[in-house]
Amino acid sequence: MDIRNCRKCGRIFQYSGVGPVVCDNCKKEEERLFEKVSDYIRDNPGANMNDVSLANDVSISQIQQWVREERLQFAKESGVVFYCENCGAPIRTGRYCDKCKANMAQDLEGMYHRPQSTAPQIKRRSERDAMRFMGKDDV
């Protein structure tokens with residue numbers, strides 16, 4: 001049993017070992033805030049990050065985290081732009097552009113393909129190549 005303190009409120013809770021070290025109450029509150037921010041962005045497509053933060057009492061870093069997790073996406077009208085962490089191309093959600101994601105996926109696929117065996121093949125012996133013993137039966 002893994003007991004930890006919640007990083008947000010400090011309460012002791014049983015940690016499942018998966019995800020952030022946050023208690024269930026704080027997770028529910030975060031989800032409520034996420035829904036509120038998501039609805040606000042949908043209803044106000046021209047809102048920038050500061051507008052969203054002030055209107056919903058949510059930190060800009062929390063909004064950025066939801067964008068990196070691909071949970072939020074700002075409309076083109078908002079003027080909010082993020083940049084691919086790999087090549088610097090402008091993106092609207094996530095951490096990487098579509099091109100970099102495809103390249104990473106291709107690289108990972110290449111790591112898991114099994115290379116053709118380069119070990120020498122064992123040659124089957126014929127009757128003629130078999131080892132012979134001289135003895136009682138060879139007369």
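User: Which residues in H1 meet H2, and which residues of H2 do they meet?
Analyst: In this predicted model, Leu-33, Lys-36, Val-37, Tyr-40 and Ile-41 of H1 meet Asp-51, Val-52, Ala-55 and Asn-56 of H2. By class, this contact has six nonpolar, one polar and two charged residues.

User: At what angle do the axes of H1 and H2 cross?
Analyst: The axes of helix H1 (residues 24-43) and helix H2 (residues 49-56) cross at roughly 130° and come within 10 Å. The crossing of H1 past H2 is right-handed.

User: What does Val-52 touch, apart from its neighbours within four places in sequence?
Analyst: Val-52 is in contact with Val-37, Tyr-40, Ile-41, Ala-47, Ile-63 and Phe-74.

User: How many residues are in the largest nonpolar core?
Analyst: That core has 19 residues, and Val-52 is one of those with the most contacts inside it, a group that also includes Val-37, Trp-66 and Phe-82. H1, H2 and H3 are the elements that give two or more residues to this core. H1 gives the most, with four residues. Another core, of seven residues, lies apart from it and includes Cys-6, Phe-13, Tyr-15 and Val-22.

User: A change of topic: where is Gly-79?
Analyst: Gly-79 lies in the loop between helix H3 (60-68) and strand S3 (82-83). Its C-alpha atom is separated by 9.8 Å from that of Pro-45, 34 residues apart along the chain.

User: Is Gly-79 buried or exposed?
Analyst: Gly-79 has a relative accessible area of 58%. Exposed means over 50%, so Gly-79 is exposed.

How values were computed:
Residues are numbered from 1 along each chain as its sequence is written. This is a predicted model: local features need pLDDT of at least 70, side-chain atom pairs count only at pLDDT 80 or more; totals for chains, interfaces and linings use all residues. Side-chain values use heavy atoms; hydrogens and water are left out. Buried means under 20% relative accessible area, exposed over 50%, partly exposed in between (1.4 Å probe, protein chains only). Axes are lines fitted to C-alpha atoms, for helices over the stretch in contact, and angles run from 0 to 180 degrees between N-to-C directions. A crossing is left-handed if the near helix is turned anticlockwise from the far one by less than a right angle, and right-handed if clockwise. Contact means heavy atoms within 4.5 Å. Ala, Val, Leu, Ile, Met, Phe, Trp, Tyr, Cys and Pro count as nonpolar, Asp, Glu, Lys and Arg as charged, and the others, Gly among them, as polar. A nonpolar core is a set of buried Ala, Val, Leu, Ile, Met, Phe, Trp, Tyr and Cys residues joined through side-chain atoms within 4.5 Å.
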